[in-house]
Amino acid sequence: MSNRMWGGRFASGPAEIMEEINASIGFDKKLAPQDIRGSLAHVAMLGEAGILPKDDVAAIQAGLKTVESEIERGEFVFDRALEDIHMAVESRLTQIVGPSAGRLHTARSRNDQVATDMRLWVRDTLDSLDSQAADLQRALAQTALKHAGTVMPGFTHLQSAQPVTFGHHCLAYVEMLGRDRGRFRDARARLNECPLGAAALAGTSFPIDRHATAAALGFDRPTANSLDSVADRDFALESLSSASICAIHLSRLAEELVVWTSAQFNFVKLSDGYTTGSSIMPQKRNPDAAELIRAKSGRIIGALTGLLIVMKGLPLAYSKDMQEDKEGTFDALQSLSLCLAAMTGMVRDLQPVADVMKRAAGSGYATATDLADWLVRELGMPFREAHHVTGRLVGLASGQGIGLEELTLPAMQEVEPRLTDAIYDVLGVENSVKSRTSYGGTSPVNVKAQAERWLAALDA
Ligand code: ARG
């Protein structure tokens with residue numbers, strides 16, 4: 001049998017394999033709520049514009065509500081022969097309402113319909129990602145406030161660099177997430193134009209009111225060019241790109257948690273709720289959630305690159321290639337949502353091991369810069385010379401296998417006679433972090449102020 005929705009000029013139906021490759025119902029059924037919302041707005045507008053008789057409008061609206069509740073109750077049968085969610089809904093509507101259901105598709109096409117549905121879905125999802133990212137920021141800022149003075153090593157090249165505070169490290173991620181949220185909101189603002197009424201590609205000869213449907217669906221305005229309306233997937237690409245950047249931020253934090261929870265580092269403890277055991281090694285507490293967050297960034301970035309490649313060679317306007325936007329977009333944005341939720345739980349529960357971190361902060365000659373700064377400040381030495389003198393002191397200490405603070409004053413004075421006892425103050429990690437009071441620096445006073453600023457902003 002030829003297709004009920006478009007089979008007029010076909011003598012027979014599609015080959016089995018054609019049906020299989022063509023159908024999107026298996027994944028676009030997720031768009032049912034958006035599809036019905038779009039149809040309700042469209043049919044109301046058709047009524048208002050006098051394009052459809054009021055009684056048809058009322059019957060179609062009632063029928064759409066019935067379809068909606070059938071879907072909600074899980075009674076709806078998603079039939080692959082109907083290809084996609086748009087035809088599945090309309091086909092069921094026809095069974096309920098009769099032939100007048102066919103009037104719903106006046107002045108519209110599946111091309112503008114699917115673009116509208118996807119924009120609605122992505123828009124809702126961006127909103128919830130934004131609020132989930134805010135939850136994670138809150139958890140990190142609370143941890144930062146609690147640990148504004150908890151000293152840990154700061155790294156460059158994953159080598160001990162200078163002591164920082166754990167709170168400062170947490171707030172670095174709060175900043176990243178702040179930019180991620182800005183990108184979600186930018187993407188949302190740009191996507192918020194309504195393609196409905198662009199019809200197949202050229203617009204329509206019916207006197208439709210696109211401003212009315214746009215407003216009814218919460219869009220700022222209708223899209224301005226009918227070709228662009230049905231050919232564009234920027235909104236998905238931009239959302240996936242924002243999601244990818246957020247995912248790599250989560251992945252970097254996840255990587256740090258994996259490293260820090262190892263016995264060799266032992267900087268933090270994850271709660272039982274966010275670790276797993278091993279079936280053979282009884283001592284194990286594996287950071288699986290962190291590892292999976294790190295890994296899922298791969299599929300999120302994959303969805304972005306996948307869709308970029310789908311789109312790059314497509315002539316205007318719609319091509320069926322664009323049906324491939326869905327699975328990747330759904331999967332990537334849902335994966336990010338899961339990652340944000342898991343990371344928030346992990347951060348809320350985690351406990352830094354303060355004494356281990358502090359000891360590690362002092363190892364690796366991490367206060368060498370403080371010593372050099374002292375030579376500049378107290379002796380008026382040019383920084384380059386101070387760097388050289390300090391380097392010789394580090395060499396001396398490391399030759400003896402001891403820390404800088406363990407060198408005796410006479411031993412240090414052989415390198416620089418003007419050194420005094422006061423030098424031992426700057427070699428302590430607490431004093432080191434306290435001294436970093438420049439704006440944005442790691443001093444506990446700064447960290448506390450920044451954490452409080454963020455918490456207030458997040459509550460506003
Ligand atoms: N399932 C299709 C998609 O997701 C809907 C649009 C189909 N349009 C068409 N002209 N065949 O892209």
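A polar contact is a pair of N or O atoms within 3.5 Å; within protein, one atom must be able to donate a hydrogen and the other to accept it, and residues adjacent in sequence count only if both atoms are side-chain atoms. The model is predicted: local features need pLDDT of at least 70, side-chain atom pairs count only at pLDDT 80 or more, and totals for chains, interfaces and linings use all residues. Residues are numbered from 1 along each chain as its sequence is written, and side-chain values use heavy atoms, with hydrogens and water left out.

An N or O atom in the side chain of K326 sits 2.5 Å from a ligand oxygen. Y318 also places a polar side-chain atom by a ligand oxygen, at 2.4 Å. The protein buries 86% of the 340 Å² that the ligand exposes when taken alone. These areas come from the Shrake-Rupley method with a 1.4 Å probe.

Step back to the whole chain. It has 19 helices and six strands. Helices (H or I, at least four residues) and strands (E, at least two) are DSSP runs, numbered from the N terminus. The C-alpha atoms fill a box of roughly 100 × 50 × 40 Å along the principal axes. The radius of gyration, taken over C-alpha atoms, is 31 Å, whereas a compact globule of 460 residues would have one near 23 Å. That globule rule is 2.2 Å times the number of residues to the power 0.38. Of the 460 residues, 50% are buried (under 20% relative accessible area).

One last stop is S69, in helix α4 (residues 54-72). Its side chain reaches the backbone oxygen of T66 at 3.0 Å. Is S69 buried, partly exposed or exposed? S69 is partly exposed, because its relative accessible area is 23%, between the 20% limit for buried and the 50% limit for exposed. P33 is 36 residues away along the chain, yet the C-alpha atoms of S69 and P33 are separated by 10.0 Å.

Terms used: Buried means under 20% relative accessible area, exposed over 50%, partly exposed in between (1.4 Å probe, protein chains only).
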